[in-house]
Amino acid sequence: MIQYFNIIQALCRSALSNPNEAVIHQIIRLKESLKKDGYSKEAKSLLGLLSSSQGSSDMSPSKIQKSFITGAGEEISSKTSVPVDKETSTPLAEIIFVPDLPNDMPLFDPNIQLAIQSIVNEWANFDKLLEISATPASSCLIYGLPGTGKTHLAKWIAKQIGIPVVLARLEGLMSSFLGTTSRNIGNLFAFANRYKCVLLLDEFDAIAKLRNDPQEVGEVKRVVNTLLQSLDSRHEKGFTIGVTNHDSLLDPAIWRRFDIQIEIPKPSLEVMMFLLKKFVKPLEFSDTEIKFLTWCLEDSSGADAEMLSKWLKRAFVIEKEKNIVSVMKQFALLNSGRVNSNKRNMMLHKDEEFISMLLNDKAFSFKQKDIASLFGMTPSSLSKQLSKFKESEKI
Ligand SMILES: Nc1ncnc2c1ncn2[C@@H]1O[C@H](COP(=O)(O)OP(=O)(O)OP(=O)(O)O)[C@@H](O)[C@H]1O
Ligand SMILES: [Mg+2]
């Protein structure tokens, strides 16, 4: 091919006399391929053509590449109409504008926090990275247990980039009409690719769940293929975030389409303490009380901590309750799925067993005087009660 380079060069020159994005994009591809194959002189001459071509001032390669993500695309306004399911007329997505996205980064362990910060830095500096020919990641899959703050995190990332979110719940795209699901997916991606936005695909596992239905084999294949093609089409158009609880259900081919994958774990004890302090505001609890609540919420999620905080507010402000232990017991009784079952049984059984379990937990190292104040006793009556209990156990 290289013996015809003079002709290719002439073709490029004439195409560049009236440039458009497609022409420039193809010449950039040719230049990159030549460079990769060692034809650096030829690649350089194409670069020269590109930069000196008419209109290059507003269509330089870096600008065009930039446009893939941030520059191109129409602005979404409150008047922009969202595509709908043709059969039911339900909107395929919800638009969330920047002011309505969360300001607070969710709380995670420092190592996860750092990793997330590095993605945000990469995405916020996308243009600069493209200028030095680095290809930053543009898609990210967030997965983990329910209520761990995944959707909140995805929205917060979008807030940092400063563009609206097109939020689609995959369940909502699925239709009982044959072929409609694929069409909905196609329409959703066409919409997202047209506008400057972060496409947020929430509850991404919904499609995988469909696969368990033997009657749907053909349809599922079609849907997964459409999704794969759509994700590919999205690659150079904008940021995409997928969120799922059931990472194991995802098709490996879909999984691979995401440049970055972040697993969000359940909160550690330290993170749980921070979350509780944050959620109970404006109420204030002592460190011992927060430690006690954290003990009760071991294995629970951030969403559970938020729910417990609502209970505490209701009990302390509206019902004028004074004792945190009795509120916690009430919560455990009526929120069985939110509290570790072993701890729940202990809480709802005898106070003495509950207290012994607290005192014996080495990870928390509660002192007798702290426990006594939680249970509204003096330290001496607590120790009397405990020794009586131990005696009765021996009998
Ligand atoms: N680590 C966290 N930091 C701050 N807030 C949190 C955290 N985890 C959960 N939350 C809060 O809990 C609630 C639920 O969070 P979110 O909807 O983001 O969870 P999710 O992981 O997407 O859950 P699901 O898997 O059920 O969709 C939100 O109000 C969120 O702010
Ligand atoms: Mg969610």
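Reader: By class, which residues make up the lining of the largest cavity?

Author: Rolling a probe the size of a water molecule over the atoms shows where empty space is left. In this predicted model, the lining of the largest cavity has two nonpolar, five polar and two charged residues, where Ala, Val, Leu, Ile, Met, Phe, Trp, Tyr, Cys and Pro count as nonpolar, Asp, Glu, Lys and Arg as charged, and the others, Gly among them, as polar. The residues in question are S138, S139, L231, R234, H235, G238, T240, R257 and F258. The cavity holds about 50 Å³ of space, and the structure has two cavities of 30 Å³ or more. On a 1 Å grid over the protein atoms alone, a cavity is a set of points where a 1.4 Å probe fits but cannot get out, whereas a pocket is an open set with protein on both sides within 12 Å along at least five of seven lines, and lining residues have an atom within 4 Å of a point. Grid points are joined across faces, edges and corners, and a volume is the space filled by probe spheres set on the points.

Reader: What conventions apply to the numbering and to the model?

Author: Residues are numbered from 1 along each chain as its sequence is written, while chains are lettered from A and ligands numbered from 1 in the order in which they are written. Because the model is predicted, local features need pLDDT of at least 70 and side-chain atom pairs count only at pLDDT 80 or more, whereas totals for chains, interfaces and linings use all residues, and side-chain values use heavy atoms, with hydrogens and water left out.

Reader: Which elements give two or more residues to the lining of the second largest pocket?

Author: The second largest pocket holds about 470 Å³ of space and is lined by 30 residues, of which G147, T148, G149, K150 and H152 lie nearest its centre. Two or more lining residues come from each of α7 (150-161), β5 (239-244), α13 and α15 (302-318), these being DSSP runs numbered from the N terminus, with helices (H or I) of at least four residues and strands (E) of at least two. Helix α13 provides the largest share, four residues. By class, the lining has 13 nonpolar, nine polar and eight charged residues.

Reader: From which domains does the lining of that second largest pocket draw at least three residues each?

Author: Domain 2 (94-264) and domain 3 (269-394) each give at least three residues to it. The chain also has domain 1 (2-59), and the bounds come from an automatic or database domain assignment. The C-alpha centres of domain 1 and domain 3 lie 70 Å apart.

Reader: How many salt bridges does the structure hold?

Author: Side chains of opposite charge can pair when their charged atoms come close. The structure holds twelve salt bridges, each defined as a side-chain nitrogen of Lys or Arg within 4 Å of a carboxyl oxygen of Asp or Glu. One of them joins E75 and K196 (2.9 Å, N to O), linking the loop between α4 (61-71) and β1 (94-96) to the loop between α9 (180-194) and β4 (198-202), 121 residues apart.

Reader: Is K196 buried or exposed?

Author: K196 counts as buried at 18% relative accessibility, whereas E75 is exposed at 58%; buried means under 20% relative accessible area, exposed over 50%, and partly exposed in between (1.4 Å probe, protein chains only). In another salt bridge, K31 and E32 meet at 2.8 Å, N to O, with K31 buried at 11% and E32 partly exposed at 38%.
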